[in-house]
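Trainee: I have a structure to go through today. Could we look at it together?
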Amino acid sequence: MSILVTGVPTPAGTLAVLITPEDGVVWATGYGPARPLLAALPTALADRKPRPGPGPQALRDAFHLFAEGELKALDAVILADRAAEPFTQAVWNALRAVPAGSVRTFAELATDAGRPGAVQEAVAACLSNPFPVLVPTHRAVADDGTVGAY
């Protein structure tokens, strides 16, 4: 079995994307080389050989539409459930629901994820995000509106 390694052009540069080819699920994204992303994959995928390729057309189309201004296009990209705990996944899902051009405080994200008051855990979930661009942690801010932990 393999893990597909592709590069997708974005306004900020080429985004490396790791995908399981049998289902088109995205396991990691990041700017820069794919090697660190491959090293951080869950152990269940550790024996897969990286294989460069263009990636599924649906993924490429979603990024193209996003670059053209269709801000909801990335919502269709299927992400792997990589969270160590359900709350982290819930924070990532809450971030994907924040409309482009809007922000949510870490406290609001904690509430959206089902644990009001778990602000530090919401910050930690943002910091552990393996899906830059697809999980828009740049939409998370501190209570005073500052960028906060980044």
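Trainee: What do β1 and β2 form, and how many residues lie between them?
Mentor: Please keep in mind that this is a predicted model. Strands β1 and β2 form a hairpin, with two residues between them.

Trainee: In which sense do β1 and β2 pair, and over how many bridges?
Mentor: Strand β1, residues 2-10, pairs with β2 in the antiparallel sense, and there are seven bridges. As examples, T6 has V17 of β2 as its bridge partner, and T10 stands opposite G13 in β2.

Trainee: What holds paired strands together in general?
Mentor: Strands of a sheet pair through backbone hydrogen bonds, and the pairing is either parallel or antiparallel.

Trainee: How many bridges join β2 to β3?
Mentor: Six bridges join β2 to β3, which covers residues 25-31, and these two strands run antiparallel. Within β3, V26 stands opposite I19.

Trainee: And which residue takes a positive phi in the hairpin of β2 and β3?
Mentor: That residue is G24, with a phi near 75°. The hairpin of β2 and β3 has four residues between the strands.

Trainee: In what order do the strands of the sheet come?
Mentor: The order is β3-β2-β1-β4, which makes an open sheet of four strands with mixed pairing. Strands β3 and β4 (49-52) stand at the edges and have a single partner strand each, so one side of each is left without a neighbour in the sheet. On average, neighbouring strands of this sheet are turned by 30° against each other, direction ignored.

Trainee: Why is β2 described as largely enclosed?
Mentor: Strand β2 spans residues 13-20, and six of its eight residues are buried, so the rest of the structure largely encloses this strand.

Trainee: Which helix lies across β1, β2 and β3?
Mentor: Helix α2, residues 57-67, lies across these three strands and runs at about 20° to β1.

Trainee: Changing topic to α3: is this helix largely enclosed or left open?
Mentor: Helix α3 covers residues 86-96, and eight of its 11 residues are buried, so it is largely enclosed by the rest of the structure.

Trainee: Which residues of α3 are buried, and what do they pack against?
Mentor: The buried residues of α3 are F87, T88, Q89, V91, W92, A94, L95 and R96. They pack against α4 (106-112), α5 (119-127) and β6 (140-141).

Note on methods. Residues numbered from 1 in each chain as written. Predicted model: local features only at pLDDT ≥ 70, side-chain atom pairs only at ≥ 80, totals over all residues. Heavy atoms only, no water. Buried < 20%, exposed > 50% of the residue type's maximum accessible area, 1.4 Å probe, protein only. Contact = heavy atoms within 4.5 Å. Pairing = 2+ DSSP bridges. Axes fitted to C-alpha atoms, helices over the stretch in contact; angles between N-to-C directions.
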